[in-house]
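Hi there,

Here is the structure I promised to hand over. Have a look at it first, and then read on for what turned up.

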Amino acid sequence: MIDLHCHILPGIDDGAPDLPAALDMARAFVADGVSVVACTPHIVPGLYHNTGPGIRRAVAGLQSELDREGIPLRLVPGADNHVTPDCVAKLGTGELLALADSRYVLIEPPHHVAPQRLETVFFDLLTAGYVPILTHPERLRWIEAQYTAIQRLARAGVWMQITAGSLAGAFGSGAQYWAERMLDEGWVQVLATDAHDARRRHPDLGRGRALAARRVGEQEARHLVLTRPSAVLDNLAPAEVPRPVHDDRFSEVTDGEARSGPTGGDPIWPRRASPAGAGGVRGIAGRLRRLLAG
Ligand SMILES: [Fe+2]
């Protein structure tokens with residue numbers, strides 16, 4: 001497997017605090033079956049002042065330590081780029097970083113408030129030839145209010161990355177609900193760990209892959225953790241990459257409208273799904289699929 005989002009570089013953000021912690025994370029990745037990791041520290045103006053050149057130096061330094069320790073993990077550079085109006089310009093100067101110098105760029109919006117001009121920033125990136133990857137939309141507090149906008153971004157070509165731990169409930173029932181819903185609806189291209197340490201927010205891609213497979217099947221789960229991440233590292237065009245499994249019953253979903261089930265009964269995913277009510281509807285789509293298959 002390949003993890004495209006983690007905070008393993010020591011001492012430069014809120015991830016691994018030092019080299020021993022980074023080595024612990026690296027060993028945990030290898031034990032989980034991960035062979036390549038994109039090092040994606042935060043770049044947040046006013047908070048984490050990382051830049052492209054510094055991240056590249058840190059990646060080279062940690063790779064040397066891994067090689068010295070005999071830990072078989074390959075590192076590639078990247079960044080958890082906080083959304084800013086000038087993302088395109090800063091990618092051009094190398095201040096922000098794409099994943100492994102490809103066209104694919106992790107973009108992290110603020111968690112608590114939807115940014116103004118959200119869609120403009122992403123469309124600017126698409127127009128400039130990048131493929132933005134929106135990080136963990138399922139964990140954004142404003143996803144319910146802005147789900148229509150997120151769907152528009154996905155339709156326009158923005159990739160969606162959900163967090164492996166979200167599928168296990170590690171970020172609460174709301175994040176789990178939205179992760180499962182977005183998977184079921186076929187919006188998600190990549191599953192990643194966003195690991196910050198070897199304990200509380202540890203590498204757990206294998207568990208996430210298994211949980212995803214229960215909803216979308218083994219082949220699509222493999223695409224989430226290997227096929228598409230590998231294509232990112234090879235800088236393939238999105239058209240050359242398998243599209244997410246898209247349940248036909250969601251194909252007419254527009255602008256967050258509720259859909260009736262195949263028999264015209266209860267909605268598969270309700271229009272106003274709140275995290276508090278998520279448990280009641282979670283898994284309905286999966287159960288319907290199994291019923292239809294049976
Ligand atoms: Fe992150």
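Before we start, one term: two residues are in contact if their C-beta atoms, placed from the backbone, lie within 7 Å. A residue is buried if 20 or more other C-beta atoms lie within 10 Å of its own, exposed if 12 or fewer, and partly exposed in between. Helices (H or I, at least four residues) and strands (E, at least two) are DSSP runs, numbered from the N terminus.

Please keep in mind that this is a predicted model, where local features need pLDDT of at least 70, side-chain atom pairs count only at pLDDT 80 or more, and totals for chains, interfaces and linings use all residues. Residues are numbered from 1 along each chain as its sequence is written.

The overall picture: the protein chain has 11 helices and nine strands, and 44% of its 294 residues are buried.

Let's begin with helix α1, which covers residues 19-32. Its end C-alpha atoms are 20 Å apart, close to the expected 20 Å (the expected span is 1.5 Å times one less than the number of residues). Its buried residues are Ala22, Leu23, Met25, Ala26, Ala28, Phe29 and Asp32. What do the buried residues of α1 pack against? Their partners are β1 (2-6), β2 (36-39), α2 (52-69) and α8 (205-216). Just after the helix, Gly33 has a positive phi of about 95°.

Two of those partners belong to an open sheet of three parallel strands, in the order β1-β2-β4 (strands pair if DSSP finds at least two bridges between them). β1 and β4 (74-77) are at the edges with a single partner strand each, so one side of each has no neighbour in the sheet. Four bridges join β2 to β4, and Val36 sits opposite Arg74 in β4.

Next comes helix α7, residues 172-185. Because 12 of its 14 residues are buried, α7 is largely enclosed by the rest of the structure. Among the buried ones are Trp178, Arg181 and Asp184. Gly186 follows α7, with a positive phi near 80°.

Leaving aside neighbours within four places in sequence, the contacts of Leu191 include Ile162, Leu205 and Val225.

Enjoy exploring!

Best wishes
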